[in-house]
Amino acid sequence: MTNTIRESNSVNDFIVKNRIRVNGYLNNALLFFIVTGPAIALGIKTDFFPDIKYSTCFIISAGVAALAIIHKILLIKLPKSIVTSVFALTALDAIIVYMSYSHVSILLTWFLVPLLSLLFVDKMIYFYSTALNYALMFTATYFTAPYQAALNSKYENSLDFFLDRIGGFTIETLIMFAAGYTIAKLVKDYFGTLFMQYETIKSHEEDMGEKLELLNSMVEIYDNVNLINFIDNTEMPLRDPEKKKRGIDMTAQTHTIMNQKIKDQVMPDQLDAFLTFTNIKTVRARLSHKKLISADFIDVVSGWFRAQYITVDSTLDGIPNKVIYTTRNVDEEKQREEHLIRLSMTDEMTRLYNRRCYEEDLEEYRLKGAPEDLVIFSIDVNGLKTVNDTKGHAAGDELIKGAADCLALSVRNFGKVYRTGGDEFMAIVSVKNPDSIREEIKKKASEWHGMHTEEMTMSIGYAQAQSHKSASIDDLERIADADMYSEKEKFYKERGIDRRR
């Protein structure tokens with residue numbers, strides 16, 4: 001819809017500009033016709049026009065001059081108006097009528113005005129010009145018929161002459177009208193097609209210009225920016241002031257010059273992935289119907305960087321013709337991401353891993369299976385509720401943080417510790433002697449002293465994959481929990497504490 005409107009506007013603009021130009025030519029033609037009077041006068045003197053008076057020559061020249069001046073004024077005042085065009089054509093017809101009435105032979109000239117009107121590429125002007133021309137031709141022929149019939153003996157009266165002459169004029173007018181209309185329509189359609197193509201090209205160029213301008217403004221954001229043109233198989237570094245194009249041999253070359261340099265700094269374990277992503281022979285297929293593709297890699301010197309292929313121009317089928325290839329350092333961004341991930345996986349109070357992280361790690365073992373040396377620990381702080389009730393929540397929090405420190409110090413070299421509830425902890429470790437871990441935790445707990453609480457004990461249970469070979473990771477978790485609760489029962493029994501009270 002928008003393209004149609006733009007095309008229509010362009011055609012209309014052309015018609016208006018063309019109208020002004022043609023009116024200028026017609027005004028020059030009117031001025032040139034001033035010499036018609038002197039030319040006829042010369043014919044009178046040489047007996048070429050024996051029946052014409054010198055006064056007729058003066059009237060013709062004076063009339064043409066007046067009409068030319070009026071048309072010039074209209075051209076200045078109303079350059080875009082159809083009125084100016086219609087006046088010029090009407091003025092020409094008026095001159096022809098007067099010349100015909102004055103017995104100047106002008107048989108060919110009658111058809112000059114409709115032909116000239118075709119220059120305006122406007123159907124209404126052409127229709128007007130043809131209709132007016134025929135009406136004036138009909139009238140002039142009727143009034144000059146007596147004179148012309150008297151000169152020709154083959155006509156018995158003026159009516160015979162009139163019918164013979166106007167019949168020929170009518171046939172010629174119809175033929176001329178049909179031919180002229182066809183020519184006018186073809187010309188207008190042709191110009192319409194040209195303008196549609198022009199608008200398409202212009203729109204495409206504007207779009208490309210905007211994209212390149214935007215990309216040029218973004219060049220400083222990237223460490224490397226290359227324009228890859230798959231039409232002429234070239235690459236051009238946009239950050240290079242010279243912007244020199246280099247050819248790409250698509251039959252033998254698999255990577256651009258830029259990527260041949262970058263690959264030397266990619267981490268060895270990521271090199272194959274980098275070479276696959278930047279393979280120039282497959283970029284078009286991978287970018288088909290896409291705006292961009294990207295991947296992250298590690299530079300051995302500067303850290304993480306992001307490589308991107310961005311479609312700038314593509315075919316109607318979505319196959320990219322021009323692509324921008326960029327690289328940008330994203331090491332800080334990656335560090336922030338890792339920090340956020342750590343926060344999402346970390347318990348705020350203890351800085352241990354949280355239940356979410358624990359569940360995700362369990363899921364990984366569910367999918368991959370548990371190694372033989374894997375051990376799940378279930379740990380619970382003894383007497384936390386009593387401490388909270390008797391000494392306050394500050395003392396309870398201190399106890400939880402102390403327990404977390406003891407667990408972290410005991411397990412740090414063997415696995416991960418998670419806070420999964422208020423006073424509940426889990427640990428997943430890889431160790432052959434889990435009893436040594438349990439004893440180390442108890443030792444650290446016995447050495448701990450807080451500002452609000454002097455003593456800390458924990459109930460610790462575990463389940464070792466090697467000892468329960470047919471057990472799933474969830475089975476190991478349940479066995480570890482059961483072992484922990486058994487330890488807790490022993491603790492309360494030894495202390496003589498009735499947990500039900």
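**Entry 1**

I started at Asn226 and looked up its bridge partner in E2, which is Pro237. The model is predicted, and I kept that in mind throughout. I then turned to E6. There, Asn226 stands opposite Tyr325. I moved along to Leu227, whose bridge partner in E6 is Ile324.

Next I looked up the pairings as a whole. E1 and E2 run antiparallel and are joined by four bridges. E1 also pairs with strand E6, residues 320–329, over six bridges. That pairing is antiparallel too.

Is E1 mostly covered or mostly exposed? I found it mostly covered, with five of its six residues buried.

**Entry 1: the whole sheet**

In what order do the strands lie? I read the order as E3-E2-E1-E6-E5-E4. These six strands form an open sheet, and the pairing is antiparallel. I noted strand E3 (246–247) and E4 as the edge strands. Each of them pairs on one side only.

I also looked for a helix against this sheet. Helix H11, residues 331–344, lies across E4, strand E5 (303–314) and E6. I noted its angle to E5 as about 115°.

Most residues other than glycine have a negative phi. I therefore wrote down the exceptions that I looked up, with that general rule in mind.

The entry for Asn233 came next. Asn233 is not a glycine, yet its phi is positive, about 55°. Where is Asn233 found? I located Asn233 in the loop between strand E1 (224–229) and strand E2 (234–237). The hairpin of E1 and E2 has four residues between the strands, and Asn233 takes its positive phi there. Asn233 counts as partly exposed because its relative accessibility is 26%, which lies between the 20% and 50% cut-offs.

Then I turned to His289. His289 has a positive phi of about 60°, and it is not a glycine either. I found His289 in the loop between helix H10 (283–287) and strand E4 (292–299). Is His289 buried or exposed? His289 is exposed, because its relative accessible area is 66% and the cut-off for exposed is over 50%.

**Entry 2: helices H4 and H6**

Two packed helices are described by the angle between their axes and the distance between the axes. I looked up both for this pair. Helix H4 (residues 82–101) and helix H6 (residues 123–151) pack at about 15°, with axes 10 Å apart. That angle makes H4 roughly parallel to H6, because angles under 35 degrees count as roughly parallel. The crossing of H4 and H6 is right-handed.

I listed some of the contact residues. On H4, they include Ile82, Val86, Leu89, Asp93 and Val97. On H6, they include Ile125, Leu132, Leu136 and Ala140. The contact of H4 with H6 has ten nonpolar residues, six polar and one charged.

**Entry 3: helices H14 and H15**

I repeated the look-up for helix H14 (residues 393–411) and helix H15 (residues 434–447). They pack at about 140°, with axes 9 Å apart. H14 and H15 are therefore oblique to each other. I read their crossing as right-handed.

Which residues make the contact? H14 gives Cys406, Leu407, Leu409, Ser410 and Val411. H15 gives Ile437, Glu440, Ile441, Lys444 and Ala445. I noted seven nonpolar, one polar and two charged residues in the contact of H14 with H15.

Note on methods
Residues are numbered from 1 along each chain as its sequence is written. This is a predicted model: local features need pLDDT of at least 70, side-chain atom pairs count only at pLDDT 80 or more; totals for chains, interfaces and linings use all residues. Side-chain values use heavy atoms; hydrogens and water are left out. Helices (H or I, at least four residues) and strands (E, at least two) are DSSP runs, numbered from the N terminus. Buried means under 20% relative accessible area, exposed over 50%, partly exposed in between (1.4 Å probe, protein chains only). Axes are lines fitted to C-alpha atoms, for helices over the stretch in contact, and angles run from 0 to 180 degrees between N-to-C directions. Angles under 35 degrees count as roughly parallel, over 145 as roughly antiparallel, 65 to 115 as roughly perpendicular and the rest as oblique. A crossing is left-handed if the near helix is turned anticlockwise from the far one by less than a right angle, and right-handed if clockwise. Contact means heavy atoms within 4.5 Å. Ala, Val, Leu, Ile, Met, Phe, Trp, Tyr, Cys and Pro count as nonpolar, Asp, Glu, Lys and Arg as charged, and the others, Gly among them, as polar. Two strands pair if DSSP finds at least two bridges between them.
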